[in-house]
Amino acid sequence: LSVTMLTGWSGQLSLGQFAMVGLGAMTTVFLHDRGMPYGAAVAYSVVAGALVALLVGFPALRLRGLYLAVTTLSFAVAAREWFFTQPWFLGDGSVVFVQPGKTLGVDFNAQKTFYLLCLAGLVVAVVVTSRLRASGVGRSIIAVRDNEKAAASFGISPSATKLLAFAVPGAMAAFAGSLLAGLTVQFGPDVFAPADSLAIVGMAVIGGLGSITGALLGAVYVVGLPALLGPTPAVKLATSGIGLLVLLLFRPGGFAQMVFRARDLLLERLVPENDDPDEISELENEPMEIPATPKRAERPAISGPVLEVDRVTVRFGGLVALSSVSLHVDEGEIVGLIGTNGAGKSTLMDVVSGFTPSESGAVRLLGDDVSALRPHVRARLGMGRVFQDARLFPGLTVREALQTALEVDDPSDLVPVLASFAPARAAEARKAASASAYLSLFGLSRYADVHIADLSTGTRRIVEMACLSAQGSQLLLLDEPTAGVAQRESEAMAPMIRKVQQELGASVLVIEHDMPMIMGLSDRVYCLAAGTEIASGTPDEVRHDPEVVAAYLGTDDRAIDRSDAAGVPS
């Protein structure tokens, strides 16, 4: 289960997770030998597991994939060969001994009783893991795994989320180690071999990485099958490396894929199929009333521009991407940003949203200088962004993406979620109700439980706009919102942007190559060329500016009109 969270949800491959089990076991023995009751020793061991996992997880802020895997494997080797052999753990011997004793009149020294305790611990771990996955904490972990930049634009801190994704599995692995200590009674550091870390990753993978059901099925298959049927040649082959390889060749998603496929087939028989729905165009004339939120109601009065970019310069080595560029967006205004590919438009958007630092100049949001603030902090202050690739979070459903966007207004806290406190349950209920309202408002109800990876580009664009609405941002940054969609849907996007902007009372900075759309949508337009602002003004002024015509638009009106409108076959 800890590997399911760490590797399946957060995408961080750890090859040292069984060392965390060893840490829990050795810490439990250490504390119990010094007079602490077994139950209290388990609790302290869980905390120790979380703290050490945080330290091990720090490289994850900079390392990914193979490098992180090697780092965690090094920790596993060092733990067994050095850390667990220290005198404070082993004393003068080579093994340790622990007996849980009696608690509340129950003798846990009896193996059957302790087995029931371990089984209860497994049930608790499954419940906690399920609760975490269904909460804003679990959704945030998956969002950061899928798309760090988009997650940051939703107000989620990627660094804090990654560390949390190490700490909670570390605590759970240490809890397992505490139980293993009481079950084994007498053991030494050799029990916690680095190869066992590889084995538990293998269990999670063949069961179905990222699935709680898969974690259980993988463990039952690899460990339980030989225990139930005996070490026969057939069982040995099935649970060997060859057997696991064959299984993954035919079922890459593991046992969980088979279970979920059977479930889907059953549901397909019971539930009639819906016709393929229309895309963006079906929302063009729909009335829109975005649900009110406390954050929106508490907005301070604005004096001056919502966004002010003051003489920003960005260099990448010897390349000047932006040279002393300035612009402003006033309250309730839609400002367009045009220019050729490589003109610096997306770089400017990255500077505004905090993903690219500037060499000089300043960015002000609602009058405050945010130049030194990280992207997720700017998002919490009222800045929302749509990216050109429209990926969002492939591993989340549409409903979950909307609930993730609502985290900026109603964040989830780890301890209340794990303990299922009433305020945490109420917060999840509020987010679920608000997400349902946005699904209905944007015509996405039929997609509610569809993963974003399975949506068309046009539908993902609607989901992006719904998420921006859920964030309640005062400044919307839209980077080519019509990229990858059909012309009919592109024509319907402008009215949708206008409606969302009006309902939110927001201001908009939009990058777009669709000239009819950007000219018809914008109140003002800026044009960049080679990282320099060459024109600004009303759409009509910029469209007829000689420098803009020469650098970007050209002299043929068909270049800035739609092909069918110009009489050219589409």
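Mentor: Start with accessibility: a residue is buried under 20% relative accessible area, exposed over 50%, and partly exposed in between, with a 1.4 Å probe and protein chains only. The model is predicted, so local features need pLDDT of at least 70 and side-chain atom pairs pLDDT 80 or more, while totals for chains, interfaces and linings use all residues. Residues are numbered from 1 along each chain as its sequence is written, and side-chain values use heavy atoms, without hydrogens and water.

Trainee: Why is Arg-311 called exposed?

Mentor: Its relative accessibility is 52%. The limit is over 50%, so Arg-311 counts as exposed. Arg-311 sits in strand β5, residues 307-316; a strand is a DSSP run of E with at least two residues, and a helix is a run of H or I with at least four, numbered from the N terminus.

Trainee: What makes the phi of Arg-311 worth noting?

Mentor: Most residues other than glycine have a negative phi. Arg-311 is not a glycine, yet its phi is positive, about 50°.

Trainee: Which strands lie in the sheet with β5?

Mentor: The open sheet has 4 strands in the order β6-β5-β8-β9, with antiparallel pairing. Two strands pair if DSSP finds at least two bridges between them. Between β5 and β8 (residues 360-365) there are 5 bridges, so the two count as paired. Within β8, Ser-360 is the residue opposite Thr-313.

Trainee: Why are β6 and β9 called edge strands?

Mentor: β6 (319-329) and β9 (368-369) each have a single partner strand, so one side of each has no neighbour in the sheet.

Trainee: How do you know that helix α16 packs on this sheet?

Mentor: By contact, meaning heavy atoms within 4.5 Å. Helix α16 (residues 345-353) touches β5, β6 and β8. The direction of α16 makes about 115° with that of β5; such angles run from 0 to 180 degrees between N-to-C directions, with axes fitted to C-alpha atoms and, for helices, over the stretch in contact.

Trainee: What makes β13 and β14 a pair?

Mentor: They are joined by 5 bridges and run antiparallel. Leu-528 has Glu-533 in β14 as its bridge partner. The two strands form a hairpin with 2 residues between them. Ala-530, in the turn, has a positive phi of about 55°. The relative accessible area of Ala-530 is 65%, so it is exposed.

Trainee: Why is Arg-133 called buried?

Mentor: Arg-133 has 19% relative accessibility, so it counts as buried. Arg-133 belongs to helix α6, residues 111-133. Its contacts beyond four places in sequence include Trp-9, Ile-142 and Leu-396.

Trainee: What does the side chain of Arg-133 make a polar contact with?

Mentor: The partner is the side chain of Glu-400, at 3.1 Å. A polar contact is an N or O pair within 3.5 Å; within protein, one atom must be able to donate a hydrogen and the other to accept it, and residues adjacent in sequence count only if both atoms are side-chain atoms.

Trainee: What makes a group of residues a nonpolar core?

Mentor: Its members are buried Ala, Val, Leu, Ile, Met, Phe, Trp, Tyr and Cys residues, joined through side-chain atoms within 4.5 Å. The largest such core has 71 residues, and Ile-338, Val-398, Leu-402, Phe-442 and Leu-444 touch the most other members. Helix α21 (residues 457-471) gives the largest share, 7 residues. A second, separate core has 27 residues, among them Val-325 and Leu-475.

Trainee: How many of the residues reach a pLDDT of 70 or more?

Mentor: The share is 91%, and the chain mean is 86; pLDDT is the predictor's confidence in each residue, from 0 to 100. Over residues 275-279 the pLDDT is below 50, and this stretch has 8 contacts beyond near neighbours in sequence. Residues 563-570 also stay under 50, with 6 contacts beyond four places in sequence.
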